[in-house]
Amino acid sequence: MVDLKNTDVALIMGSNMAENHPIGMKWLGEGRRVRGTKIIHVDPRYTRTSVVADLYCPMRSGTDIAFLGGMINYIIQNKLYHEEYVKAYTNASYLVADGFDFQDGLFSGYDAAKRTYDNKTWDYQYAEDGTTILKDPTLQNPRCAFQLMAKHYLRYDIDSVVKITGSPKNKYLEVIKLFATTSAPNKTGNIMYAMGITQHTVGSQNVKSFANVQLLLGNMGRPGGGINALRGENNVQGATDMALLFHIIPGYIDSPMNTAAQKNLLSFVKAVTPGAAKVPATNMAEFRAAVAAGIPNSGFKINTSKWVVSMLKAWYGDACTEANDWAYHYLPKRDAAKNYSHIAMFEAMYKGEIDGLFVMGSNPVVGGPNANKEQAALTKLKWMVSVDLWLNETSDFWTFRAWERPHGGTHHTETFEPKDIQTEVFFLPACAVYEKEGTAAQTGRWVQYRWKGADEVGQSKSDLWIVDQLSKKIQELYKGSTRPEDEPLTKMTWGYGHGEEPEPINVGLEYSGYFVADGKPIAGGFANLKDDGSTACGNWVYCGQMATKPDGSLLYKPQKRDNKDNSKTGLGLYSNWGWCWPVNRRIVYNRCSIKPDGVTPWEGDADRVLIHWDPTNVSDPTKPDVVGAWVGDDVCDCAKTAPPDKAVPFLMRPEGTGCFFAAKGSFKEGPFPEHYEPWESPVKNLMNSQAVNPASKIWEPDKKGTTADYPYIGTTYRVVEHWQTGALTRTMPWLAELMPNMFVEISEELGAIKEIKNGDKVIVSTTRGDIEAVACVTKRIKPFVVDGEQQHMVGAVWQYGFKGYATGDPANRLTPHVGDANTMIPEYKAWLCNIRRA
Amino acid sequence: MTRLMTNLYDSSKCTACRGCFTACKDSNQLPAVFDKSYFGGPGNGTYDSKDGDTDANTYMMIRFNETEDPVDGVRWNFLKWQCMHCMEPACLAVCPKSAYTKLDWGATFHDEDKCIGCQYCTYACPFGIPKYRKHTDTVTKCTLCYERVAEGLTPACARSCAPGAVKFGYRDELLEEARIRVKFLRANGFPRATIYGETELGAGTNKLYILTDTPDKFGLPVNPQVEGNTVFWQDWVQPYAGWLIPLALGGSAVSFVTSRVVANKNEEHGKGGHA
């Protein structure tokens, strides 16, 4: 977050940063003070963030791709892009396969019946060797990524865009022109986003649009640049790092599936290592040799087998050997035909396919989409364990109060009585964050250890204690079993402390990694990991966070608290405060902070150089003949001793470059972002004849509302006074006092149409349900003029429920079960509703 | 004379997170007045709680002023609202029991032990700040955290402000900072930016404000005045308070005021008593 102070222009889009990330906002304030940072806010509502922005531009919810597409088109057509950066650090010059095509909103390979794409044409042109990508460094070839992108976006002219987004044209142009100033080599611009960008059927492509903008302007990998996801919880970054997601194992590796193609470790690593599918290896030894020799177009992920085997070694210890395929068969496999995302899980629960549920630090009765249905789904469970500070709405979903609906109405919803609900609910009281120890990884990937600040209350326990006990008890139950199917439990290593209380540092050591022979931490980082069973590492991206002190004890780097800035030019890297994954690199892609030659700073930007090439440096004293290395204030994000022409800036991409054209399986709905309307939209798509994202996942087609019954755009958001589902804050008297009632915000214009005054009780309804709320009629919300017609928006705070002091109906009783094509994130941010006085 | 210490509130930096509000309640151990029948929240088209005014259990708050004009469009002006700690406090002037004193470093201190709950101050205050608390039969208001300042700490509101909008320090230094800031703001999109509290009420207040627009856009009185009868009270009544109070009570004008006070006291003085 400190890096925000280095930016010249900050574009906050789809985020109410001042309210939801107040401390991050502090660093933009510091930027204003030290370098006159300009702040742009683009959002459907005028919020507390708009107040502190230099420029506010409204935009209809769900039209980000159009908004950013117009920006991209303007930058390209007016040649405002950072040409040297684009040519050197992106795939702009790469030639795209002839089969790739785009017609009327559909890319080549669409299967309408399955609503999926066959992406085999989304590829590059290769030389005769089949691996060398053909390029045109002049960017003139009509089949190069740059020209295809220029053509794709040509339709996004200013007038067409504002017709879709409803933004005032003059404000829109101001935004584009101001942000495009950051293409100057001595300027950088930063984009900050949150759920306003991601919670759409096109959430992933919204972010891809940001990537295109930032690569064009040369803003990636430089101080004050980048695309920054503002995390909604203080450790959500840590949660995804540790794979609290349905599709990955720790370290962002695709989780294995139950298919024949992934039947053993070799086939699995071939599938998850880019470019490895063609490797003819028939066993792991041959594969290892192929990796050592190098696999074309693989990027740094060529090392995936080392990460996977080291993880299996950490999990299964002595039971993980070459002879038993490194215990790969112990790993749970996803059913390839099933979807395990949040919505899909609740749909399956609703159908009675799931018996039991653990709910930890989550409150789906308030926070889940289509909350009425998700609450009903809980009634189909045999048992549920709720782990939280106190009884929240989900723990108490079975009570009479939980089934109360406005005016006794059961509009489109089932209701239950407690006596009819057979779900057995267990409640485990948990410690609050300040009552336990451990690490949290924040938005900028800094992992910081937090010591206990207060003793736990009553019998509440830390999450670590709860999981540790659970695991021990389960292992106890299976003790002595000789059945092979029980081996994943009986052979699992588990030991994080002495006696009853687990030690966070022991968990930290496991995912940092250690040498199996002596148990010593792998201080040098993931370059030392092996796939021969000699190293164990629970999560390769965290490798190296643990070292050994001179006295032999463990040095847990997230515990470091040196608040001295090690940047010589005052960039605020603070490299000895906490630890940052990977390998304590504070700014990723930092190879881009200097010109391609590796020695010349971008014109006028010498103070923002993070690393440079020193041709005489000997980085490893044991290899005196390797001369030349990347040095600087940050840890280089390229091969340490690779000379500038070989040191690619985007290591994790198979191409090694930033991608305008996202090849192959990068995205489910195409290599370039295209505007589609939200699933429920009041208008037709002006860009193409597809309505919604053709690859998005729709669970309840019959629940689609139409403008005849539901004419207004609905959206949800938070306020600073409450946190997430409000389970914590609505029970705090001082915070409850500040925001005591569930409310919805509407414009004065809509208020006049519906005869709703400030403070009136209103009913907001969708096909999923209805809620009662207090109306806040405000100047801060304005109708959008879309294609010549006024469209009204109803904004609902989603943080209320029936528990605590500040109560109200959950806004998520209105939101649909529709998911983004890639992430399956629900479309919370744009749907259709109606509103009337109660 | 001791160097004056004060709060500076910069409206251009405030994000209205209301951390100061909760810090104030925490530091002063003020209860949340949470009445289910009380509407609160977004009651007036904006996010003001308590109808936008302090009360006996709320010494300070952030006010949300929504404005709109054809040039600037919609603006949402936040204002930190509490006792202004006037240099020449009207509350102190009218208090018959000398419950108010002006501390040498600038705070207007109200001693609840001396307060008899007569509420004259609530009428005299040009900002309508002091509020009557029924169950203690006293008046309450912001203390400028005098007890924290005595310990070398900053007031709770300044301590809690993440964006750095609330500061505490020497008044002369903060005033200088405010002048520089206003100059900057005027050149950067806020041509009407101004300082408030430097000269208001003649001698100024011991709370300073950097406003991005004119005071009326923040709900502040553009030209606050202490009412004439307050001056009369200070100069003529108080020096002879011992014998003049019973005499004055006989006078029709004052009895009118008194009856208003008594009536108000019975039904708890909720809103600001000032027109």
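This is a predicted model: local features need pLDDT of at least 70, side-chain atom pairs count only at pLDDT 80 or more; totals for chains, interfaces and linings use all residues.

**A pair of helices in chain A**
- Helix H4 (residues 64–77) and helix H7 (residues 158–165) of chain A have axes that come within 9 Å and cross at roughly 165°.
- Angles over 145 degrees count as roughly antiparallel, so that's how H4(A) and H7(A) run relative to each other.
- The crossing of H4(A) past H7(A) is left-handed.
- On the H4(A) side, A:Ala66, A:Phe67, A:Gly69, A:Gly70 and A:Tyr74 meet A:Ile158, A:Val161, A:Ile164 and A:Thr165 of H7(A).
- Sorted by class, that contact has six nonpolar residues, three polar ones and no charged ones.

**A covered helix**
- Helix H17 (residues 371–378) of chain A is mostly covered, with eight of its eight residues buried.
- Among those buried residues are A:Lys373, A:Glu374 and A:Leu378.
- They pack against helices H15 (342–350) and H16 (364–367), plus strands S13 (383–388) and S28 (769–778), of chain A.

**Where chain A touches chain B**
- Here, 32 residues of chain A are in contact with 28 residues of chain B.
- On the chain A side, the elements giving two or more residues are helices H2 (22–35), H3 (48–52) and H21 (733–738), along with S28.
- H21(A) supplies the largest share of that side, six residues.
- By class, the chain A side has 20 nonpolar, five polar and seven charged residues.

Definitions and conventions
Residues are numbered from 1 along each chain as its sequence is written. Chains are lettered from A and ligands numbered from 1 in the order in which they are written. A residue is buried if 20 or more other C-beta atoms lie within 10 Å of its own, exposed if 12 or fewer, and partly exposed in between; C-beta atoms are placed from the backbone. Helices (H or I, at least four residues) and strands (E, at least two) are DSSP runs, numbered from the N terminus. Two residues are in contact if their C-beta atoms, placed from the backbone, lie within 7 Å. Axes are lines fitted to C-alpha atoms, for helices over the stretch in contact, and angles run from 0 to 180 degrees between N-to-C directions. Angles under 35 degrees count as roughly parallel, over 145 as roughly antiparallel, 65 to 115 as roughly perpendicular and the rest as oblique. A crossing is left-handed if the near helix is turned anticlockwise from the far one by less than a right angle, and right-handed if clockwise. Ala, Val, Leu, Ile, Met, Phe, Trp, Tyr, Cys and Pro count as nonpolar, Asp, Glu, Lys and Arg as charged, and the others, Gly among them, as polar.
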